[in-house]
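Colleague: I would like to go through the aromatic side chains and the confidence of this model. Please take the questions one at a time.

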Amino acid sequence: MTKSPFLMLLSCLLIGFKLLAADPSGAEASVAEASGAEPLASDGNDGYRLWLNYEPVRNASVKSEYLKYAAFIGRPANGEIMQSASQELQLGLDKLLGKSVNITNSFAGKSGGIVFKIETNADTAQPVEGYQIQLSGGNIIVSSKSEQGILYGTFALLRHMQMQLPIQGLNLASSPKVRYRMMNHWDNPDGTIERGYAGQSLWKWYELPERVDPRYADYARANASLGINGTVLNNVNASARFMSQEYIVKVAAVANVMRKYGIKTYLSVYFAAPKTLGGLKTSDPLDPQVRAWWNEKVAQIYKEIPDFGGFLVKANSEGEPGPQDYGRTHADGANMLAEAFKPYDGIVIWRAFVYKADPNADRFKAAHEEFVPLDGKFDPKVIVQVKNGPIDFQPREPFSPLFGNMPKTPLGIEFQITQEYLGFATHAVYEAPIFEECLDSDTYVNGPGSTVAKIVDGSLHGYERTLMAGVANTGNSRNWTGHPLAQANWYAFGRLSWDHQLTSEQIAREWIALTLTQNAKASGHITALMLRSREIYVDYNTPLGLSRPWMGVHFAPEPWQNKGSRPDWTAVYYHRADSIGLGFDRTASGSNALAQYRPEVQKQWNNPDQTPLPYLLWFHHVRWDKKLSTGRTLWEELCTRFYTGADSVVWMQQQWDLAKTSLDPQIYTDVAERLKVQRREAIWWRDAWVLYLQTFTKQPVPAGFEPPKQTLEDVKKSVNVYLMR
């Protein structure tokens, strides 16, 4: 990710082209009743309500059972979050059951209602944000140690009722496994979103603080329903503008909305702000005047936002300023900011996404080389935020070698929900398998079972502060995410940040039931589509461990791209195609990046004959004529993946069509049209790779596959359109 003005302009133009491919405002589906009935007639639902549809329960027996507990809502206190919980429950019951349910503070001795209960017993093992839902005294009791836990329990109960699950024997209990569950927005002050594909920013800075868009509250509701408790409002390529009093007041107006739903507000900061905004001669983190400037700035923020969450920092990465500009370390910079937060509850989140413009280096190794020597040197208020993989949100990456190698430093994980390398707003790619694959990866740092999830949730190293962050895919498109199925990625991130033991299939089925249909057959077809979508995309885009974080056009195929301001901003740097073979040798004979992992992990990936095919080209430069475990040569296997991947989009279209009669007609059409675009673009990617790699292999397309109808020059011309001003 870069701050180049030209590339930002290019991205905006490209987003416009992509969104024109299919209208993002198609209607959201109504929830069909569990019996498999036809969907309800559209009532103007256009995707805005996400998974909080609250469609009326049409099954008479289910509705009758729910109505037994709809006499009242018992609320013991009137705090802001408690009010949000009771109002949400009131709204949900009204829509689900068609009954207006009163909220009361006087419910002692009453039965037939839903009662909130704050647990005062300090001996209970339930974490402060956890909740329990059970039947007692003729009521449904939602209990927690905190109002925030009551809110999460309320959304869990409404989710249970939306899915029309039984109330008899109800006993649900859940607690978050990660403390800070956060959305990272890459939104800019001018309303653009870096790597955003669903319109402009949600935040209307020029209207704030006087006018607060009602959409902010609906954004907060959606996040709270998933257990997300923090949001970073602005781009990590930050503007110093957000440290001005003018913008602090604007941020405070947004924070006032978030607070009602248990969400703390955070800001990305520009490290050089003391110099550019404060007028100091330096931004050296060890300079007393600089430290004083940040102390005063944090105090100024807390005066306006008493529950401010803290700072997210991108420093000394992709041209962003940082402590290394003054001969200082990342720890020096982070600890200076942490010092400013000592009187407050806020934290500093320091991103580990760093790499140097060294033609002889391996970008894969950069974060490990810079951060591991600093383990134990960070202030307790600092969390180091690590991308799930070592490069940059690729369709498939091995887990970052930082995980497990900094036992004295809390490491948070950063996933990308927005589809920067996953087809923008026209490709259907369900991302839960990406998240799950990384979290389940075994680092072996403390022996077998030392998964990334256990590092992130603090259980392996005893981290007190734990974090999971997702780079948001929201925008001001009416349906929030552009592609209707992309809503599932926001949903999946939230559910996994609360409980990383949920499976991709569980989450998919849950999301489908809440947003699309409860017809069993239709749900089965859509679930199959979603669960295979990532592998299909990888096959036509980056099979066998190809990676492509080049800086030309993120959306378009450009494997020939070899000109950039730095070598690691070219395509050829990553795939290393030549007349002999393909792939990046990261063994001891190459960059030796594998040495950053434990021996057990190295053993999995060190031998090309034993390396699982999905990671083969990540770690090995493989001869074109080498026979793989499939019985095909590398060239034959690549072609098979490119062609079957592109053809599998037709299968996705068929699965979607099979669910048509159980879907809202508008949402069916929206997705169906986007799948047509995906099919065309999958062929585009297939042909680009095949034609380009043929310049090295000098081999024909294997028998059974039709050679591309266009030439390599034709494909290059189609890509160059996106590079024009």
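**Confidence and aromatic contacts**

Modeller: This is a predicted model. The protein has an average pLDDT of 93, and 93% of the residues score at least 70.

Colleague: Over which residues does pLDDT stay under 50, and how many contacts beyond four places in sequence does the model have for them?

Modeller: The stretch in question is residues 2-42, where pLDDT stays under 50. For these residues, the contacts beyond four places in sequence number 121.

Colleague: How many aromatic pairs does the structure hold, and what is the geometry of the one formed by Phe415 and Phe435?

Modeller: The total is 47 aromatic pairs. In the pair of Phe415 and Phe435, the centres are 4.7 Å apart and the planes make an angle of 45 degrees. An angle under 30 degrees would count as stacked and one over 60 as edge-to-face, so this pair is tilted.

Colleague: Which elements does that pair link, and how many residues apart are the partners?

Modeller: Phe415 belongs to strand β13 (residues 411-416) and Phe435 to helix α11 (residues 432-439). The pair links distant parts of the chain, with a separation of 20 residues.

Colleague: Is Phe415 buried or exposed, and is Phe435 buried or exposed?

Modeller: Phe415 has 1% relative accessibility, and Phe435 has a relative accessible area of 2%. Buried means under 20%, so Phe415 and Phe435 are both buried.

Colleague: Which charged residue sits over the ring of Trp480?

Modeller: Trp480 is in one aromatic cluster with residues including Trp203, Tyr216 and Trp490. At 3.9 Å from the centre of the Trp480 ring sits the charged end of Arg215.

Notes
Residues are numbered from 1 along each chain as its sequence is written. This is a predicted model: local features need pLDDT of at least 70, side-chain atom pairs count only at pLDDT 80 or more; totals for chains, interfaces and linings use all residues. Side-chain values use heavy atoms; hydrogens and water are left out. Rings of Phe, Tyr and Trp (its six-membered ring) pair if their centres lie within 6.5 Å; planes under 30 degrees apart count as stacked, over 60 as edge-to-face and the rest as tilted. Helices (H or I, at least four residues) and strands (E, at least two) are DSSP runs, numbered from the N terminus. Buried means under 20% relative accessible area, exposed over 50%, partly exposed in between (1.4 Å probe, protein chains only). A charge sits over a ring if NZ of Lys or CZ of Arg is within 6 Å of the ring centre and within 35 degrees of the ring normal. pLDDT is the predictor's confidence in each residue, from 0 to 100. Contact means heavy atoms within 4.5 Å.
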